[in-house]
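Work through the two exercises below with the model open.

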Amino acid sequence: MREYLLYVKVGSESVQSARAYVTPCFSVDQSFWQEREGCQLHVIGRSPSLALAFSLREMVNVQLQRQQAVSRSLNEEGLAELRKLAVSSVWETAALYGREMAGEQPLPCDWFRWETGDSSVVLDRCDRANDETAEALMGPLLEGRGLLWEEIETLLMHRAVALPDMTAVLQRMVLAERAEWRPGIRLSVKKSWWKHRLELVCDRCGSQRKDIELTQCHTCGQGCAYCTACLGMGRSKCCTPYVLVPCRSPYAKRDSKAMHRASRLCWTGSYSRDQAVAAEQARRYVANPRPGRREFLIWAVCGAGKTELLFPSVSESLGASGRVLIATPRKDVVLELAPRLQRAFPHARVIAVHGSSQEKWEDADITIATTHQVMRYYQRFPLVVLDEADAFPYHNNSILYRAVSRAVQPGGKLLYLSATPPRYLQKSLAAKRRGAVQYGAGRSLPLVSSSTHVLLPGRYHGIALPVPCVVTVQGLHKRLKAGRPIAPLIGLVRESLRSERQLFLFVPRIDDVEMVLAYLTKFFPSEASRFGGVHAADPLREDKVLSFREKRCRVMVTTTILERGVTIAGSDAAVIGAEVAVFDEASLVQIAGRVGRSADDPAGTVLFLQAERAAAVRAAVKQIRRMNQLAKVLRSREEGQA
Amino acid sequence: MMTRCRCVACAGRIVPRSRESAIRSLASQLSQRTRYPVMYRLVAGLALCASCLEQLPVIGAATCRQCGREQAAEGLCQDCHKWTGETLQSNRSLLRYNEWGKNLLSTYKYRGEERLAALYAELLAIAVHRYHHAAAFDCIVPVPLHEQRLRERGFNQVELLAGRLGARIGVPVRPLLHRTKRTAKLSQQSGRTAREESMDGAFSWAGEHLGQAQADSHRILLLDDIYTTGSTLRSCAKTIREHAGSMCHICSVTIYR
């Protein structure tokens, strides 16, 4: 059982600078301070609970500042006062904890054990040769990561680094202010005139009290708590140290030639005129050394070639200082993006990081990660790209937004990439400002570019987005269940089968997949082998999607899982039950964006079948129309200029 | 009764109306007619959604009389024929250990999702009501973890269940055992005999003396999360028998078999 010691250091400088520290190994602290300066260390006490020690440290620091305002030195009286404060707040915390755990008995005898210390150590300055090889080994490994204790052990194991005493090495890094260590769950007592409360915050994911479970912990033997919100990434507990090492030194320790090589872009494709302008604008934003502009939005319609737009920015960042992170919501997208970027940057190291990835603990120039894995990075990347900012796990998820913004270095850049940016991003980054140039007569058209965003309203092949055809069918779901004909649907399927095209059929619920398949088989019995259905929980999901890509399967009935990231040439799309809440505006626009993506076949049919009128459907159609209109206005202006 | 409206296994929404038929069929499968109301209430208390309830892999009516394994006919199974002079009277389990169970149990044990303890305790209560009378036991003994394993994991998964089950069926929990041997994880051991050998003498008596008067009529319920080869539970039963006298009656209940 590890014990944490709380002590106050009083420096020898003329201005009193007393501060409290928490340490798991006091001897390391003693030798560290001895090397720096002569000072006095006064022990306040010790406890096995890390969270408790840190909450006391906060309190002691506040009290110290108050004392310093009154008298300039810390005397015996002041120390006794600090020790008394510690004891009383331990007692208070334990009482509050006991109240929350109502009914359960503490493990040994009390919820929190605290031994008041009474020793003081006077240290004179003396130089000692310190072996720094271990630190030199650990530093670069941990740099830019925020890891729980167990994760550090895993990391060291993966990199085949063996250290005799990891605690001591880490503590030296903490004292040198190259790292920070905290409890996984922060504990504090919130006082109010009505009722004192125990406040618990997960330091890793930022969850509040309602996501945190109190528990009797056999690891520390104290009152403890764990976070249920980020449980999938390992237990963040009151007694688990959470180590944050910011990336201070620039990554480019390697010679500049290698950096230059890594940043070389080998991409043979070419941009359309609009794409070139947008890519250049994003690159300029990344290259701009001025601090302050932290966020930038690339708003490009489906099929505008968003990934390719990134290349100049990534190249710029790799050439300037180093690592780039591309975060996307889904594992499929990570696996698809990694080889594409590797092809574009053949001399850079690209890794794909997701839950079951082998490369999770590696170091690379370009990291492509799922959103949850981003939680393990801390101030690591000068450039972070957040792909599909409106997609499922990101949207309205404050944990993941926090994780992404923590992965950016101070003064680094965050680039959002989306076809349907959520309202809050539109408002903060793409809002109309006074003096902005308006296009055409349409006041309602969004702004094409500003200092914080760029909008690409047209596809790379220059042909307008297919506008969905909305049909309201009375009793749609009843008809489906009863197997009565639905003319527009059957017409679309027949037409699509006849002309050898492929068809996406989106349904709102998993159960509907089977039902629609049965419905189709009833009307097209001879074609049954060419129908397929897939949903998120399907064990054969990957095979089925592959068979659809290889055109073995012609009609794919699917839930929203195929709404993004899938490109199939010569396809149509239909939504059955577009009024259901799972299909919001963004998701309907994405579905319409499946159609007509290739230059050979830029047209296609999009059909929204709804049982009743729905606002989201109308908004989606309106958004697509606006984008087409904007693209048209831009094109005519260009022709006028030419 | 339902505190959360989310299924604890699949995080899906719990719709009481759609659950009803699943609850009824499961409850009638688990009990005779006279005890149906009790079973119905227990099953309804599970925080599972309709589809999870339907696919709950409950062990059928015909089981091995000794180890509780599901089989075609009543009687002893192949493995149990070998054991003679058994100290463990019988083992009963509620669920088959399939892929679903594996995932859920590893979320509980290895991920450390302690909230699942409530669900598992309910399942154990169902198992006790299905195979025994609730008042058939004097005490519950959870299988202990080795001290070092306990410190790594932070909690003893069986002890949490025992506490909740004890409160549910009104039987006191007594930690009668210590684990003295640190055995490798089940998944890292190979073979039944290796397992038997490693578990031999893995437990010791924790020293709490039972009242001498009751010692010969003591009915003990051993509790564990899973019965694989049964060597853990047999080793526990042997230790208890050695210290609590030859007349005590030891049964075990586990979640998975």
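The exercises cover a chain interface and an aromatic pair.

This is a predicted model, in which local features need pLDDT of at least 70, side-chain atom pairs count only at pLDDT 80 or more, and totals for chains, interfaces and linings use all residues. Residues are numbered from 1 along each chain as its sequence is written, chains are lettered from A and ligands numbered from 1 in the order in which they are written, and side-chain values use heavy atoms, with hydrogens and water left out.

**Exercise 1.** Describe the interface of chain A and chain B.

Step 1. Contact (heavy atoms within 4.5 Å) involves 13 residues from chain A and 13 residues from chain B.

Step 2. The two chains bury about 1100 Å², 43% of it on carbon and sulfur atoms; buried area is the accessible area (1.4 Å probe) that two parts lose on being put together, summed over both. Of the area that chain A buries against chain B, A:His218, A:Leu231 and A:Arg235 supply 47%, more than any other three residues.

Step 3. One salt bridge (a side-chain nitrogen of Lys or Arg within 4 Å of a carboxyl oxygen of Asp or Glu) is counted between the chains. A:Arg235 and B:Glu114 form a salt bridge at 2.8 Å, N to O.

**Exercise 2.** Classify the ring pair of A:Phe311 and A:Phe345.

Step 1. Rings of Phe, Tyr and Trp (its six-membered ring) pair if their centres lie within 6.5 Å; planes under 30 degrees apart count as stacked, over 60 as edge-to-face and the rest as tilted. Over all chains there are 23 aromatic pairs.

Step 2. The centres of A:Phe311 and A:Phe345 are 6.0 Å apart and the planes stand at 90°, so the pair is edge-to-face.
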